[in-house]
Amino acid sequence: MDISEILSTKFTEFDIGTPLSKVAGAFENQELDAVVVTDGDEYRGVVSRRQLASSSNQPSAKVGSQVQHVPTVDRTEDVREVARLMIGSDAKTLPVLDDDRVVGVVTGDAVLEAVRPFLDAATVDDAYTAELISATPKTTIGKALNMLREAGVAHLPVVDENELVGMLSLYDVIEFTTRGGSKSQGGSSSGSGGRGGGRQNRGGFGSREGDSDRMLDLPIRNLMSDAVVTVKRSAPLDEAVGMMFDREISSLVVTADDNDEPVGIITKTDVIEALTWEREDRNAVQVFGLDLLEGMDYDDVSALIESMASKYGDMSVIKASIELQEHKEQSRGVPLVLARIRLVTDRGYFTADGEGYGASHALRLAANAVERQLLKGKTYGQSKKHPDRDEQEQLYGWWLGG
């Protein structure tokens, strides 16, 4: 299955000199995940909603300063490879190029729509993240924002005495702190909760003009969405994806089958990642941008990952994704490279970036950062269930074949 039928020729494009304030206005369209950035007719990269929301740049800054280099694909790219590229680059919108010209985009939602009919054999239990990072209604907005950024997530369930009472999204917080501060007493935030789990919120923000510090000290009960959508662990995966599409949200809180206790969270990204598991006879280490490496080949990268994990006891590598992105900046003819490692093991999920001149240097910096996490036991969530070969064939046989 290729992407020729699911790519969209409608996309939002900005020149590198466009002010970020104008780009931010484009994201008022809640369905827009990322915009394409060009320099004249030359493609430069993308800027995502999440990236812009997490940025501390001034609105007067130009969009060129926020460009993210993500993989590009062509019209005939296989859907499986697109899913792998999305997970490897942490990007849910990939540009489609034809003769170095952007002719469309393919999104994570489009991929999920394409594979949704095949997901009825899988359950939420196969894909959800078991570690639930949550807050309480009394958690301050500032602390919640730090929790979201440090964990690298966009959704924060709100729990009060073991009862799920709300949902907070990164976009709720950013919308409030950048625009909501000008609202008067009794204002409503109903326009910002669509991606956080619902559109109903508690009361108004109050009058806080120019007082951003005070806003960050407010409890999140003033901002969280009351409408929380849950799904049982045993629910079919296609049903969970359908619920997210129907509610126009990107995450569901997972509850136990026999009660309403929250046990985890499942996002659209989790589902896409579940589709990237490899057959046992394929390599567990995926490298994007291998051609950028000087003096290293695939076997060297694979050995680096295995060596890194073997230093910390009985740890098995289930899957590793390495992405290399070359920037235009150079030093003595050597390009600046960003290396990102995502390591899934039987003891947790680890991720880190490294940036240096030359791909090998950047990769080793990223590996050092992952090693420090391993040493401290700092993970970004428990590993997904890694099904054996029989389970893989039953759940994703259509996907893994060919």
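Student: Is Arg 44 buried, partly exposed or exposed?

Tutor: Happy to start there: this is a predicted model, in which local features need pLDDT of at least 70, side-chain atom pairs count only at pLDDT 80 or more, and totals for chains, interfaces and linings use all residues. Residues are numbered from 1 along each chain as its sequence is written, and side-chain values use heavy atoms, with hydrogens and water left out. Buried means under 20% relative accessible area and exposed over 50%, with partly exposed in between (1.4 Å probe, protein chains only). Arg 44 has a relative accessible area of 24%, so the label is partly exposed.

Student: Which residue forms a salt bridge with Arg 44?

Tutor: Side chains of opposite charge can pair when their charged atoms come close. The rule for a salt bridge is a side-chain nitrogen of Lys or Arg within 4 Å of a carboxyl oxygen of Asp or Glu. For Arg 44 the closest N and O atoms are 2.7 Å apart, and the partner is Asp 39.

Student: And how many salt bridges does this rule give?

Tutor: Asp 78 with Arg 80 is a salt bridge, its closest N and O atoms being 2.7 Å apart. Glu 81 with Arg 84 is another, at 3.5 Å. By the rule, the count of salt bridges is eight.

Student: Which helix holds both Glu 81 and Arg 84?

Tutor: Helices are DSSP runs of H or I with at least four residues, strands are runs of E with at least two, and both are numbered from the N terminus. Glu 81 and Arg 84 are three residues apart, about one turn of the helix. The element spans residues 79-89 and is helix α3.

Student: What is the relative accessibility of Lys 268?

Tutor: Lys 268 lies in helix α9, residues 268-274. Taking contact as heavy atoms within 4.5 Å, and leaving aside residues up to four places away in sequence, Lys 268 touches Asp 109, Leu 112, Met 244, Phe 245, Ile 249 and Ser 250. Lys 268 counts as buried, because its relative accessibility is 14%.

Student: Nice! What percentage of the residues in the chain count as buried?

Tutor: The chain has twelve helices and 14 strands. Among its contacts between residues at least 6 apart in sequence, 61% join residues at least 24 apart. Of its 402 residues, the share that counts as buried is 52%.
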